[in-house]
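Subject: A structure to look through, with notes

Hello,

I am passing a structure on to you, and I would be glad if you kept it open beside this message while you read. My notes follow below it.

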Amino acid sequence: MLLNALVPVAAAPLDDEIGTLATDTSATAKDIAQLEQEVRQLIDTRISLFLTLGSQNGLDLDSVELFVNGRPAVSHLYTPNENGALKQGGMQKLFMGNLVNGTHELKAVITARAANDRFVRRESLHNFKKRPGELRLEMALEARAPDYEPHVSFVEFEQSPNAVIGWNSGTQSGTASKSHQQNLYEKAEVARASGDAESAGKILATMDEGYWSAVGYLNLSADYARNDLKPSRALVALRVALAMADKDADAQRRTALRSRILLRAGYLAYTSSDYEKAIGFLEKIPLDSYKTPQALYLHGLALAEQGNHRAAMQSWHRAKKYPLAYPGVAYAWIGMGRGYDLAGYLGQAGEAYLAANAAYEGERVTLRALSSQIEEQGAFKALVLDARSQSAGTAGSTVAGVGKTTLGSPKVEWFLADSRTLAQPRMAYLLTLMEQPAAQLAVDRVADLAQMAVDLQRNTHDLGVFITAIKEELAKPGSKAEHRPDNARKLLADSQRLRETSLAHLDTVVALRVRAEAVLDQIALDFVAAQDQKMVFALDKTEQQIAHLYEYLALQELDTGGAAR
């Protein structure tokens, strides 16, 4: 607890330094963009790559990674909305960069789910020649029945492609500004944190229906539940939150938020002994939700309170199928033994408790291995990147950094978990860790620095291309540079200066990321230690139950023997 309390204090100076660096790199990026416009008047080094999906229902893309001449260029994770846009004929601008004239190699690594429910990973190489002027490439993916084997083809064209729908992959730096609704939400949170729930409620009442108002009412319900003797006000706030969440345009985020709200409502109803209402809330949570294991455990408790032990054990049995990292799963194992005990099956109760013991011991081994991996590789690699890689086959980091630090990774989106990823122990620990606000900030901090490094590496590469191209143009008889040599030399000097500045920024990013990862590592190690203590506590509970069970059986045997005599 003390270590967790010290984390925000330790991270505050780090956040200030990252903010200053972000301002400096943003200013440098603007100078580079202006320089690029001037260089293009002298020589065009641009290359653009667009992605299209040839078969409408053959593939659901999970990720695409691009390497140009062996160097990582793009790592993009796909949302359902993006997959839908591609299937409607959309064309994604996946990559835009700069290359010198000559022969180059492009490698694409694609992971996807085929229409026949197979997961596929394909690598494709394409050699091309960059000539003077902008080069545009189209990478077309196709997978047709019956085998739905992915096929990748590349086409070069001179004019910009036309498409029904098009968008950028978001590989450029910069973050979107906050919406008006988010600003109102944060204003309500300030009021709520100061203890003025009434003012927070008034602010939320002025907001539009959607995600931010739903989260606001969800948080407000926690204050009501903590301060009121009865849960009525908290449940009303949760019902309003459900109505607000239903208007969220993001389907995945809407589903995830509804699960959180329903779980909170089910718990409040259970603690107020309204078991029928609790069961009603909990049964509305989808089975592929992150909150499902905890919902199943609470569902079993509510059924047990009604005396329906068989149905309670069915819920706990389903919860046992999830990794022990999820809240409620460890207690579901204990619940199975208790259910058999209450139903009068003492032999099965003993077996259930012994099975729970074995599961807890095995989980402690897993946790010790995870702790060692965090110490060796860092939490960002051991938890964030490896969890995503295990669950979806997506490669994580791409560019070697310093020590255990790796530069270059996609921005993590925590709501991407589905029924497949929920069964992965590493993803289970990641999602549970990310329940902590401090962990969310720590991971975002590392991910932002990783993206900043990717942007700086791209800038230094492009500036290197400009330097080479300008030098070649200056040395070429009859070139544009020969007519305006002073301008060309100025562009060359500016390119060299900006490249040195970008390299200095990159060194700073590497140093800051080492510190940011140290903060994240400590949070993760504390989390793993807490999970291990939870297993120790669960082991103690099952051992107590086993001891009581054996004591009862022994007394019963004595009574039976005495009666026989």
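Helices (H or I, at least four residues) and strands (E, at least two) are DSSP runs, and they are numbered from the N terminus. Counted in this way, the protein chain has 17 helices and 11 strands. Please keep in mind that this is a predicted model, in which local features need pLDDT of at least 70 and side-chain atom pairs count only at pLDDT 80 or more, while totals for chains, interfaces and linings use all residues. Residues are numbered from 1 along each chain as its sequence is written, and side-chain values use heavy atoms, with hydrogens and water left out.

The chain as a whole

If contact is taken as heavy atoms within 4.5 Å, then among the contacts in the protein chain with a separation of 6 or more, 70% are between residues 24 or more positions apart.

The open sheet

In which order do the 4 strands of the open sheet follow one another? The order is β3-β2-β5-β6, and the pairing is antiparallel, where two strands count as paired if DSSP finds at least two bridges between them. Strands of a sheet pair through backbone hydrogen bonds, either parallel or antiparallel. The edge strands here are β3 (71-77) and β6 (119-130), each of which pairs on one side only. Neighbouring strands of this sheet are turned by 20° against each other on average, with direction ignored; the axes behind such values are lines fitted to C-alpha atoms, for helices over the stretch in contact, and angles run from 0 to 180 degrees between N-to-C directions. Strands β2 and β3 pair in the antiparallel sense over 6 bridges, and L66 stands opposite V74 in β3. Helix α2 lies across β2 and β3, and α2 runs at about 90° to β2.

Salt bridges

A salt bridge is a side-chain nitrogen of Lys or Arg within 4 Å of a carboxyl oxygen of Asp or Glu, and the structure holds 27 of them. One of these joins D60 and K87, whose closest N and O atoms are 2.5 Å apart. Because D60 lies in strand β2 (residues 59-68) and K87 in helix α2 (residues 80-87), the pair ties together parts that are 27 residues apart in sequence. D60 is partly exposed at 35% relative accessible area, and K87 is also partly exposed, at 22%.

R226 and D223 meet at 2.4 Å, N to O, and both belong to helix α5 (residues 211-227), 3 residues apart, or about one turn of the helix. R226 is exposed at 59%, whereas D223 is buried at 5%. In helix α15 (residues 437-475), R458 and D455 are likewise 3 residues apart, and their salt bridge spans 3.2 Å, N to O. Are R458 and D455 buried or exposed? R458 is buried at 15% relative accessible area, and D455 is buried at 7%. Salt bridges that share partners also join D44, R46, E134 and R136 into one network.

S502 is found in helix α17 and is buried, with a relative accessible area of 0%. Leaving aside neighbours within four places in sequence, S502 is in contact with several residues, including T28, I32, L456 and L463. Q440, in helix α15, is partly exposed at 33%, and the C-alpha atoms of Q440 and L520, which are 80 residues apart along the chain, are separated by 9.4 Å.

Helix α17 (residues 485-564) also gives the most to a nonpolar patch, with 3 residues. That surface patch is formed by L354, Y550, Y552 and L553, with about 400 Å² of accessible area together. Patches are made of residues with over 30% relative accessible area and no salt bridge, with like charges joined within 9 Å and nonpolar side chains (Val, Leu, Ile, Met, Phe, Trp, Tyr) within 5 Å. Y550, in helix α17, is partly exposed at 49%.

With best wishes

Key
Buried means under 20% relative accessible area, exposed over 50%, partly exposed in between (1.4 Å probe, protein chains only). Accessible areas come from the Shrake-Rupley method with a 1.4 Å probe; for residues, only the protein chains shown count as cover.
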